[in-house]
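I opened this notebook page to record what I looked up in one structure. The entries follow the order in which I consulted it.

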Amino acid sequence: MVEKSAPGSFWPSLYEPFRMMGSRLADWLSPAAEASQSGDSYRIAMELPGVGEDDVQVTVEDGVLQVKGEKKSEREEKGDTWYFSERQFGSFSRSFRLPSDADSAGVKAEMKDGVLTVTVPKKPEKKAAARVPITKG
C-alpha cells in the first residue's frame, strides 16, 4: 500500500547522499505504522501515543488515505530540572496509496490505547456477466 521509489541512475552523483535526506528524516519522525489485509478489508494501524482523537484527521481523496495530526507539548515546569527529553512534539502527516479495489466510501477509523486503526473495506468482486436466454416469440 505504500509506494517508495528507488534511485534512478546507476552512478550516484555528488548530491545523491543528500537527495533523500528530507524523506528519510520525515520517515524517522513520522509515527510508526503497519498495513495488512484480510479477505474483505485493508487495515492500517498507526502508533500515536499522547495524541488525542480531536488532534487527528483522516481523509481519503483520489485513492490516497492521509492521516494528519499534531502531538501537543504540555510541559509545566515547577522547579524541576530537566536533564534530557526524548519525546517528540509537533505536526505529522502520513499518506498511503490505496489499491484499486479499496472502497474509499466505507473507511472507518478507531483510536484505542494510543493506536489509530483505519479499516478500508474492499469493493465487492464483480460477477461475470450473466447470459440472458433468448426465447422464440
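I worked from a predicted model, in which local features need pLDDT of at least 70, side-chain atom pairs count only at pLDDT 80 or more, and totals for chains, interfaces and linings use all residues. Residues are numbered from 1 along each chain as its sequence is written, and side-chain values use heavy atoms, with hydrogens and water left out.

Sheet. I found an open sheet of four strands in the order β1-β2-β7-β6, with antiparallel pairing; strands are DSSP runs of E, at least two residues, numbered from the N terminus, and two of them pair if DSSP finds at least two bridges between them. Because β1 (33-37) and β6 (108-112) each have a single partner strand, they stand at the edges and one side of each lacks a neighbour in the sheet. I noted five bridges between the antiparallel β6 and β7, and Met 111 stands opposite Leu 116 in β7.

Thr 117. I located Thr 117 in strand β7. Thr 117 is buried at a relative accessible area of 19% (buried means under 20%, with a 1.4 Å probe and protein chains only). Beyond its neighbours within four places in sequence, Thr 117 contacts residues including Arg 43, Ile 44 and Lys 108 (contact: heavy atoms within 4.5 Å).

Val 120. With the same exclusion of neighbours within four places, I listed Ser 41, Tyr 42, Leu 65, Leu 98, Ala 102, Asp 103 and Val 107 as the contacts of Val 120.

Tyr 42. I saw Lys 122 over the face of Tyr 42, at 5.0 Å from the ring centre; the rule asks for NZ of Lys or CZ of Arg within 6 Å of the ring centre and within 35 degrees of the ring normal.

Conventions:
Buried means under 20% relative accessible area, exposed over 50%, partly exposed in between (1.4 Å probe, protein chains only).
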